[in-house]
Amino acid sequence: MTTKPMTTRALGRSTLERQLLLRRSALTAEQAVAHLVGLQAQEVRPPYLALAARLDGFTPAELSDGLEARRLVRLVTMRSTIHLHTADDALTVRPLVQPARERELRMFRKGLDGVDLARLAALTEAYVVEEARTPKQIRELLLKEWPDADPLALTIAARCSLPLVQVTPRGLWRRSGGVRLTTAEHWLGRQAGPAPTADDTVLRYLAAFGPASVKDFQQWAGLTRTKEVFERLRPRLVTFRDEHGVELFDLPDAPRPDEDTPAPPRLLAEFDNLLLSHADRTRVIHEADRGRNWQVNTAYLTFLVDGFLAGLWTLKESEAGSVVTLEPFAALTRGRREELVAEAERMAAVLEAPGPVTVDFGTVRT
């Protein structure tokens, strides 16, 4: 099909719509997690903030209930990071990205000299099925078997070899505990299904993150050599060119709003999917602001204005009340500030922050 040009703003509006950030959705928490093919969940709070920004009527209890009922789980999948997934995706997406976990494991092979990885996986599985264990307990077990191995490498080998889920209360709203692990199959009470084809996953990715390039998909999934998948799907897709001339693929019937469609302000979580799931993130991050949502290994809470990363925010809670502080990257008009205050007040209410709630603007981070 004819490859059409697409401006950066139009590309951003399309992605915001599919990320449920242009208009809040009536989807349930579980439906949204499925649509988004998981949410970043390195820490407890980010999935709650991510859904609070995206869903109309969301409550933290809804997500907590899904975790307790084992309809939602937390485990390592894309990019070797903890994600929140539906039970179905936990049993299928992890097998899809297993080749990436095996590549990761090869990076630690020097510290695993003499370690039988098949035996390591069998020992670990038996141990965590008997009872959910902490990473420290798993490591100590493995060190008894291979005392000369590197402890970190043993820990990495366990998580790369097996789909280990973080069991509750880890991840529950205001009731979270330390990390304890068991296998996904044991926790969910059913066998893992076959891994989805890369074709199916590309289509799901485009529905949630598109239009996108081959490199965008590879950045999100942590997979390599997927160009042939896009070529196989090409007859079923439409294509565009971004302002840099890069070819973008998309679903024919996916929403692609006009670039002038209003994009309301949104307060995002640390590690938000929107900011991490493309090789080229200029659709939502101006080049001048690239990297400003990170410092070393720390990800900040961020907010969007007019569809682009525009500043950082914090929420401090106490018995006397809560304070949301907004630190924009540039001066904002009065109208923009008023919209941000309303959005911050809404976010604090959804997160059940103790009142009264005050919204302050910090120093402009030029």
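Trainee: What volume does the second largest cavity have?

Mentor: Happy to start there, and keep in mind that this is a predicted model, where local features need pLDDT of at least 70, side-chain atom pairs count only at pLDDT 80 or more, and totals for chains, interfaces and linings use all residues. Residues are numbered from 1 along each chain as its sequence is written, and side-chain values use heavy atoms, with hydrogens and water left out. On a 1 Å grid over the protein atoms alone, a cavity is a set of points where a 1.4 Å probe fits but cannot get out, and lining residues have an atom within 4 Å of a point. Grid points are joined across faces, edges and corners, a volume is the space filled by probe spheres set on the points, and for the second largest cavity that space is about 30 Å³.

Trainee: Which element gives the largest share of the lining of the second largest cavity?

Mentor: Among the residues that line the second largest cavity are L39, Q40, P46, P47 and A50. Two elements give two or more residues to this lining, β2 and α3 (46-54); helices (H or I, at least four residues) and strands (E, at least two) are DSSP runs, numbered from the N terminus. The largest share, three residues, comes from α3.

Trainee: How many nonpolar residues are in the lining of the largest cavity?

Mentor: The largest cavity has a volume of about 40 Å³, and its lining includes F271, L275, W294 and Y300. Ala, Val, Leu, Ile, Met, Phe, Trp, Tyr, Cys and Pro count as nonpolar, Asp, Glu, Lys and Arg as charged, and the others, Gly among them, as polar. By those classes the lining has two polar residues, one charged, and as nonpolar residues six.

Trainee: Now the largest pocket: which element gives the most to its lining?

Mentor: A pocket is an open set of points with protein on both sides within 12 Å along at least five of seven lines. The largest pocket holds about 270 Å³ of space, and of its 15 lining residues, V76, P135, T155, R159 and L181 are the closest to its centre. At least two residues each come from α8 (135-145), α9 (151-161) and β5 (164-166). The most, five residues, come from α9.

Trainee: Is V37 buried or exposed?

Mentor: V37 lies in the loop between α2 (29-35) and β2 (39-40), and its phi is near 55°, a positive value in a residue other than glycine. Buried means under 20% relative accessible area, exposed over 50%, partly exposed in between (1.4 Å probe, protein chains only). With a relative accessible area of 2%, V37 is buried.

Trainee: Where does P356 lie?

Mentor: Most residues other than glycine have a negative phi, and most peptide bonds are trans. The bond from G355 to P356 is cis, with omega near 0°. P356 itself is in the loop between α15 (334-350) and β15 (357-361).

Trainee: Which strands are the edge strands of the five-stranded sheet?

Mentor: Two strands pair if DSSP finds at least two bridges between them. Pairing on one side only makes the edge strands β9 (266-268) and β15.
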